[in-house]
Amino acid sequence: MRLDLARMLLFDELTEDQRKSVVQHSSGRSFESGEAIIWQGDACEAVFCVVSGEIEIFRLSPGGREQILDRMPVGHWFNLVPALLQKGKNQANVRALTECRLLVITKNEFIHLIEEIPAFGMAVTRYFARRLAHMTDLIESLSLYSVRQRLARFLIAQAEAGGSEGTVRWTQTDIANRLGTVRDVLGRALRRMADEGILRIEREKILLVDREKLQRAADGNE
Amino acid sequence: MTDQALPVIDNKKCTVCGECVDICPESVLAIENGRLAFVNPKACTYCGICEENCPTGAVRLEYIIRWA
């Protein structure tokens, strides 16, 4: 498997030898689009890094309702939390959004690498800090903001990312699952914004037209 | 076929139940040779009713989000 190590988070501050050491303790696996990578509740066996393609992390309610926690493009790591817990279980479900290749490091190897390479341990700690900040933002969004505010914030974030943060497109169901609502409610919120001239829904495109109004909607300051 | 974007069908998830065929207001879809097929693609308005009514999530109407 050919790796562009410069694109892999956690490798930023490692020397060339340290990077090689991490890679030597890993293996590669490929997944087809839509294929399950891990399931929530299963015993954690490994941590993963996206080498190509894109993955989606989600949880399911007992009734089958889905909450998308994140989408991760190349260079991002997942399943790190249970790898550091005694008898840790996978915290969420992960599926391949596209055909993708992953770097896989077994739980024991991962812990060994943290112990052996302090710079790798520090990189993991920094990564955890980033993830914690992301999850805190997600909790804030789900618990404190209206669907309209969540939608406005989501649309701005996607447009600002400009496609560089991932190549997979969003369906209205995906957006609803990301924002912790259902498709009907999401559809109404989108249509209302379209009626207000904030955005235009075209074939394959949601075009954000009025940046000022959209920002006010995101701030709850309308 | 047509150059315009069409709903994306995941044939692994599609059970060929025919819900989308029955509900499509423009008769864009049909079942041919045991698979879902676009028989009238130019008529598709990307309205999303097929996606909304697919019981297995096999139909996707995808959007990119960007500034106008």
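How many helices and how many strands does the secondary structure of chain A come to? I began with this count and found eight helices and ten strands in chain A, where helices (H or I, at least four residues) and strands (E, at least two) are DSSP runs numbered from the N terminus.

**Conventions.** I noted that this is a predicted model, in which local features need pLDDT of at least 70 and side-chain atom pairs count only at pLDDT 80 or more, while totals for chains, interfaces and linings use all residues. Residues are numbered from 1 along each chain as its sequence is written, and chains are lettered from A and ligands numbered from 1 in the order in which they are written.

**Overall form of chain A.** I looked up the radius of gyration, taken over C-alpha atoms, and the globule rule, which is 2.2 Å times the number of residues to the power 0.38. Chain A has a radius of gyration of 19 Å, close to the 17 Å from the globule rule for 222 residues, so it is as compact as a globular protein of that length. The C-alpha trace of chain A spans about 55 × 35 × 30 Å along its principal axes. Of the 222 residues in chain A, 33% are buried, a residue being buried if 20 or more other C-beta atoms, placed from the backbone, lie within 10 Å of its own.

**Cores.** I took a nonpolar core as a set of buried Ala, Val, Leu, Ile, Met, Phe, Trp, Tyr and Cys residues joined through C-beta atoms within 7 Å. The largest has 36 residues, and A:V47, A:F48, A:C49, A:I55, A:F78 and A:L102 have the most contacts inside it; strand 3 (residues 46-52) of chain A gives the most to this core, with six residues. Another core, of 21 residues, lies apart from it and includes A:L199 and A:L208.

**Sheet within chain A.** Strands pair if DSSP finds at least two bridges between them, and on that basis I found an open sheet of four strands of chain A in the order 2-7-4-5, with antiparallel pairing. Strand 2 (36-38) and strand 5 (66-72) of chain A stand at the edges with a single partner strand each, so one side of each has no neighbour in the sheet. Two bridges join strand 2 of chain A to strand 7 (residues 93-96) of chain A, and A:A36 has A:R95 as its bridge partner in strand 7 of chain A.

**Contact with chain B.** Counting two residues as in contact if their C-beta atoms, placed from the backbone, lie within 7 Å, I found that the contact takes 20 residues from chain A and 17 residues from chain B. Strand 10 of chain A supplies the largest share of the side of chain A that touches chain B, four residues.

**Sheet across the two chains.** Which strands make up the open sheet of three strands, and in what order? I read the order as 9(A)-10(A)-5(B), with mixed pairing. Strand 9 of chain A and strand 10 of chain A are joined by four bridges and run antiparallel, with A:I206 of strand 10 of chain A as the bridge partner of A:I201. Four bridges also join strand 10 of chain A to strand 5 (residues 64-67) of chain B, and these two strands run parallel; here A:K205 has B:I64 as its bridge partner.

Methods:
Buried ≥ 20, exposed ≤ 12 C-beta atoms within 10 Å, placed from the backbone.
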